[in-house]
Amino acid sequence: MRSKDGQENYTRHHKLNTKMALPYITIGESLVFPNTIAPVFISAKSDIVAYETAMEKGKNIIIGYLKEKNKGRTLSNTYRKASLCQILQALKLPDGSVRLLVECKSKVQLTTITFNELFVAEAKIINEDSNQSSKTLIEVLKKIFIEYKNIHGKIPDEVITTIERSDTPNKLLGNICFVTPLPYSVKMEYFMESNLNKSLESLAVNLKSEIEMLRLQQNLHGRVKKNIDKTQRDYFLNEQIKEINKELGRDSDQTGSEQLIKQIKALNLNEKDREKLLKDAERLQRLQPMSPESGILRTYLETVVELPWDKSSFDQINLNKAKEILNNEHYNMIKAKERILDFIAVRQFDTLKKSPVLCFVGPPGTGKTSLGKSVANSLGREFGRISLGGVKDEAEIRGHRKTYIGALPGKIIQAVKKTGVKNPVILLDEIDKISADYKGDPASALLEVLDPEQNHTFTDHYIELPFDLSDVLFIATANSLNPIPAPLMDRMEIIEVQGYTEFEKTEIAKKFIISKQLKTLGLSKANITFSDEALLKIIRKFTRESGVRSLNRNVATVIRKIARLEMEKFENSPRNIKYFNGNYLRAYPDYYKSITIPEVFKPEDINFNVTETNLNKLLGDDLIPDEDVKDSTVPGLSVGLAWTQLGGTVLPMEIVLAKGSGRTILTGQLGDVMKESAQIAISYVKSNHKKFNIDPDFDKDVDIHIHAPEGAIKKDGPSAGITMTSALISAIRGICINRKTAMTGEITLTGQLLPIGGLKEKILAAARNGCQNVLIPELNRKDIKEIPKEITDKINFHIHSRVDEAIFSLFPEGTFKKD
């Protein structure tokens with residue numbers, strides 16, 4: 001159906017322009033009456049050009065009818081009345097022809113026909129009076145057609161609905177002519193006739209004649225059927241069809257059903273599934289090749305037979321080779337690599353062959369996606385990737401029912417089909433970015449896919465047959481676990497991929513990024529090197545990330561700038577400036593044979609060392625200023641640590657006490673959990689005022705204003721509890737917290753310091769910002785071993801299990817009097 005805007009554009013155009021020039025095509029043996037929708041097939045080059053032009057200019061097209069098919073499309077050989085249609089749908093067929101679905105808006109009177117790559121017809125709209133026909137005549141004709149349909153026996157019930165809803169004479173004429181085998185000449189008489197009453201009466205008479213003829217045929221058929229054996233009848237009809245197709249020069253298997261039947265019989269399926277497919281193939285054999293149902297059924301069967309039902313690749317069980325591949329393609333990532341090697345090691349002993357579902361979780365740019373590809377390389381398996389970011393329709397996973405126009409299998413079956421084997425490695429990228437809406441929940445559809453106890457009978461809505469996914473190794477990636485539903489997370493083995501330290505980034509740049517970018521830019525032979533100081537400056541002053549994507553881009557920018565500078569230097573040299581323009585060389589080759597041509601600039605001519613000194617000339621001014629924190633230089637300021645999807649960051653917390661009525665003011669876009677942490681901090685300080693030498697009524701006549709800078713960014717989480725508590729005590733006592741100190745930890749009303757998550761990212765952020773002391777909960781002591789030694793050597797850890805002990809260590813010695 002046409003959209004509301006399309007209808008308005010059409011109406012506006014034709015009310016204002018009764019005369020028009022539009023692309024023009026002709027069809028044979030069928031007519032499109034006003035207010036009816038009909039399929040049209042075109043194959044001539046000029047007709048296809050006309051259709052493409054119409055699609056670009058309003059989708060309006062004129063369909064004309066030739067008097068004699070073997071003569072040209074001249075005005076004299078064309079019926080003067082034609083159909084003004086709008087293209088609703090277009091489908092390109094395998095043989096190059098196009099199937100159009102058009103709706104006729106009105107009849108037009110042709111005035112001229114011209115040709116220039118396509119036929120263009122000028123015409124005027126014919127305004128027919130649709131009210132001239134008797135309602136009684138229309139109702140009588142509908143009843144006659146129902147009688148015809150009942151005797152015919154092969155007209156679908158949907159057609160009756162369409163006829164009954166035909167509320168105009170033209171629409172009723174067109175719909176009945178479309179489904180009845182009246183001669184083309186008779187239909188043309190109806191089309192050319194201006195008196196609709198006359199056409200309807202003639203059609204009623206013709207339908208009555210057809211009814212009598214059908215009754216006679218049924219009587220004859222009943223007599224003959226008794227005398228012909230079913231086998232003889234089938235053989236006779238099939239032989240007739242073959243001979244008819246042979247005379248017409250057609251392929252005897254136009255639907256391709258015979259080849260499909262052979263392929264179905266060769267599939268490794270159970271009898272029930274094979275029988276279903278064979279029935280569909282036999283039904284395809286009986287359909288007309290150009291019918292819409294034939295195309296839908298053929299596409300379905302071709303998709304099914306192309307699936308790798310029993311085709312598998314052999315796993316390469318070689319731990320040394322797998323370890324070499326993983327180390328060559330990824331730096332560090334020890335936990336992830338060890339888990340992959342564990343899986344490969346036990347693969348040869350696993351008789352059930354149930355593959356685990358791994359989920360790599362970590363900040364962007366840390367190599368999670370490429371690690372999935374490395375797993376496939378290590379096992380020698382085919383690799384498929386499915387991007388789940390933004391997917392919110394369950395049908396994207398399970399597929400659409402094949403009865404829908406444009407139906408396809410779900411992404412899972414498509415990926416398996418693309419790899420060509422039933423045991424590929426399939427990467428479910430950005431699994432935390434899927435969402436649900438009224439079309440269903442894709443996460444719920446993934447429950448069956450990722451459950452080894454269920455996925456051996458996964459049924460896609462399009463395929464309608466159970467497909468075994470138990471041999472597929474699924475690997476998921478995510479930036480955060482919070483958006484992933486608990487039942488889905490329960491089916492996956494979570495492997496954290498943490499952010500990189502400055503040292504790790506430097507090593508990744510030297511071992512992977514620089515060589516990769518030189519190869520990508522076609523400069524593999526160039527001698528471009530980066531000093532460690534230059535790489536460290538790029539990391540500190542031009543990137544702020546846990547991964548290496550920005551580092552990758554900046555290295556590429558530097559290499560491109562070097563190539564341009566060296567190229568300009570070469571072109572502007574005295575011996576080359578006159579002859580360097582290659583256009584002259586191509587235009588005057590004989591002339592240049594007589595002179596000495598300068599050597600061509602080649603990548604190996606580039607010799608450049610990027611240092612900390614010349615880096616700014618290549619990348620410009622520093623993007624990130626020095627962040628030597630965030631130092632506790634005033635009372636009421638403390639430095640917390642936070643985890644984000646982009647890695648760790650510092651979170652300064654400011655508290656001031658101002659004369660007021662005892663209110664607590666919270667600003668800086670603090671989430672509900674942080675607001676609760678602020679209340680806990682105030683209550684804890686009040687209940688332990690003696691320990692910290694504080695007046696219990698410190699908030700009686702003052703307002704406590706708690707603020708987290710960078711107010712445009714939302715903040716939440718319980719780990720800022722100790723940060724708020726220390727800042728509050730600092731503001732009340734008017735004493736600064738120890739310099740270059742950062743902290744993280746959740747507090748309770750009873751004074752416990754609870755563990756937090758994301759410690760590595762937080763410590764990296766502290767180190768980046770020049771913190772020398774970091775306070776963490778006792779239960780996070782075990783996580784320190786996950787942090788690289790070059791970072792822990794720079795930081796003095798203060799580890800406590802109680803809030804009061806932590807507070808004592810944060811302030812200068814002697815701040816609090818102990819009993």
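The model described here is predicted: local features need pLDDT of at least 70, side-chain atom pairs count only at pLDDT 80 or more, and totals for chains, interfaces and linings use all residues. Residues are numbered from 1 along each chain as its sequence is written, and side-chain values use heavy atoms, with hydrogens and water left out.

The protein has 819 residues, of which 47% are buried (under 20% relative accessible area with a 1.4 Å probe, protein chains only; over 50% is exposed, and partly exposed lies in between). Its accessible surface comes to about 42,800 Å² (Shrake-Rupley method, 1.4 Å probe). Carbon and sulfur atoms account for 51% of that surface. The protein contains 29 helices and 24 strands (DSSP runs numbered from the N terminus; helices are H or I with at least four residues, strands are E with at least two). Contacts (heavy atoms within 4.5 Å) were also examined. Among those between residues at least 6 apart in sequence, 73% join residues at least 24 apart.

Two helix pairs follow. Helix H3 (residues 135-152) packs against helix H5 (residues 169-179) at an angle of about 15°, and their axes are 11 Å apart. Axes are lines fitted to C-alpha atoms, for helices over the stretch in contact, and angles run from 0 to 180 degrees between N-to-C directions. H3 and H5 are therefore roughly parallel to each other. From H3, Ile138, Leu141, Lys142 and Phe145 meet Pro169, Leu172, Ile176 and Val179 of H5. This contact has 7 nonpolar, no polar and 1 charged residues. Here Ala, Val, Leu, Ile, Met, Phe, Trp, Tyr, Cys and Pro count as nonpolar, Asp, Glu, Lys and Arg as charged, and the others, Gly among them, as polar.

Helix H9 (residues 257-266) and helix H10 (residues 271-286) pack at about 175°, with axes 9 Å apart. H9 and H10 are therefore roughly antiparallel. The H9 residues that meet H10 include Leu260, Ile261 and Ile264. On the H10 side, Leu277, Leu278 and Ala281 are among the partners. By class, the contact has 7 nonpolar, 2 polar and 3 charged residues.

Aspartate 429 lies in strand E9 (residues 425-429). The residue is buried, with a relative accessible area of 4%. Aspartate 429 is 60 residues from threonine 369 in sequence, yet their C-alpha atoms are 6.9 Å apart. Beyond its neighbours within four places in sequence, aspartate 429 contacts Thr369, Arg385, Ile386, Ser387, Leu388, Gly389 and Thr477.

Terms used
Angles under 35 degrees count as roughly parallel, over 145 as roughly antiparallel, 65 to 115 as roughly perpendicular and the rest as oblique.
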